Amino acid sequence: MLKILIIDDEKDALEALEWKINKCIKEETSITTCSSPIIGVDLVREIEPDIVFLDIQMPEMDGFSFIDKFVDRDFKVIFTTAYDEYGIKAVKVKAFDYLLKPIDIDELNLAIKKVQNEEKQIKIPATISPKINISADGKVYLLPKETVLFLKSDKNYTTIHLISGKKIIATKTLKEIQKKFPCPEFVRVHNSYVVNLNHAIEYNKGVNELTMQDGTVVSVSRSKKTELLKKLHLDK
């Protein structure tokens, strides 16, 4: 079910857009309307919408100030405004679309279909899990990323530690090997270590150390601490 939140300080605009959305979407949809962007901030956190149709010029808070409240937003923003001069700024804040009032129903329909198509693509599971290729010992190892615990630097060499206990020594620097792991769970926590956070079991704030699934204790440098805490969703 598609969840939609409409925020506009003008009642007529709210009602008109809700009516047009209902004309465009045939499947089950939840539409919530709100005339206050301040209340809208709480509504986003409560209903977790897929799309927020957002007016720009509002007395309590403008549309750009509203989306600044959500650093890691996971909803699509479609601006709805009578003014065309905000288009470039909308692009900079990564708005999904920008519709001028009075909103043309065909343009609205196209915007909604783009959201739906993107959602469908996200939900399609990958049939093959991509593997990381590592050249070492005259072989090419094809490693599922979930089997890698951490990477350890030793000058111009890098040791790949696997959950099986196996170690693969590659004749490349840690920086070069890290490029093969462009995944959010692989984080550089020290000049000598890149760890797979999915296999971290403990973080000791007192000594700034991370314990891995195999018992290895990895030091976290002060310069990398903030990024690590953010990844672990921990406070400083």
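Buried here means under 20% relative accessible area and exposed means over 50%, with partly exposed in between (1.4 Å probe, protein chains only). The model is a predicted one, so local features need pLDDT of at least 70 and side-chain atom pairs count only at pLDDT 80 or more, while totals for chains, interfaces and linings use all residues. Residues are numbered from 1 along each chain as its sequence is written, and side-chain values use heavy atoms, with hydrogens and water left out.

Start with the overall picture. The protein chain holds seven helices and 15 strands, taken as DSSP runs (H or I, at least four residues, for helices; E, at least two, for strands) and numbered from the N terminus. Its C-alpha trace spans about 70 × 40 × 30 Å along the principal axes. The radius of gyration comes to 24 Å, whereas a compact globule of 236 residues would sit near 18 Å; the radius is taken over C-alpha atoms, and the globule rule is 2.2 Å times the number of residues to the power 0.38. Of the 236 residues, 41% count as buried. With contact meaning heavy atoms within 4.5 Å, 49% of the contacts with a separation of 6 or more join residues 24 or more positions apart.

The largest nonpolar core has 20 residues, and Leu5, Ile7, Val44, Val52, Leu54, Phe66 and Phe79 have the most contacts inside it. Strand S1, helix H2, strand S3, helix H3 and strand S4 (76-81) each supply at least two residues of this core. Apart from it lies another core, of 19 residues, including Leu17, Ile25, Ile51 and Ile112. A nonpolar core, for the record, is a set of buried Ala, Val, Leu, Ile, Met, Phe, Trp, Tyr and Cys residues joined through side-chain atoms within 4.5 Å.

Helix H2 (residues 37-47) has Pro37, Gly40, Val41, Leu43 and Val44 buried. An α-helix has 3.6 residues a turn, so residues three or four places apart point the same way. The buried residues of H2 pack against S1 (2-7), S2 (29-34), S3 (51-54) and H3 (63-67). Just after H2, glutamate 48 takes a positive phi of about 50°.

Threonine 80, in S4, is buried, with a relative accessible area of 2%. Not counting residues up to four places away in sequence, threonine 80 touches Asp8, Leu17, Phe53, Leu54, Asp55, Ile56, Leu99, Lys101 and Ile103. Aspartate 84, in the loop between S4 and helix H4 (87-92), is exposed at 57%. With the sequence neighbours up to four places away set aside, aspartate 84 touches Tyr98 and Leu100.

The peptide bond from lysine 101 to proline 102 is cis, with omega near -5°, and proline 102 is found in the loop between strand S5 (97-100) and helix H5 (105-123). Aspartate 137 has a positive phi near 55°; it lies in the loop between S6 (131-136) and S7 (139-144) and is exposed, at 56%. Asparagine 208 also has a positive phi, near 60°, in the loop between S13 (200-204) and S14 (209-212), but asparagine 208 counts as buried at 11% relative accessibility.
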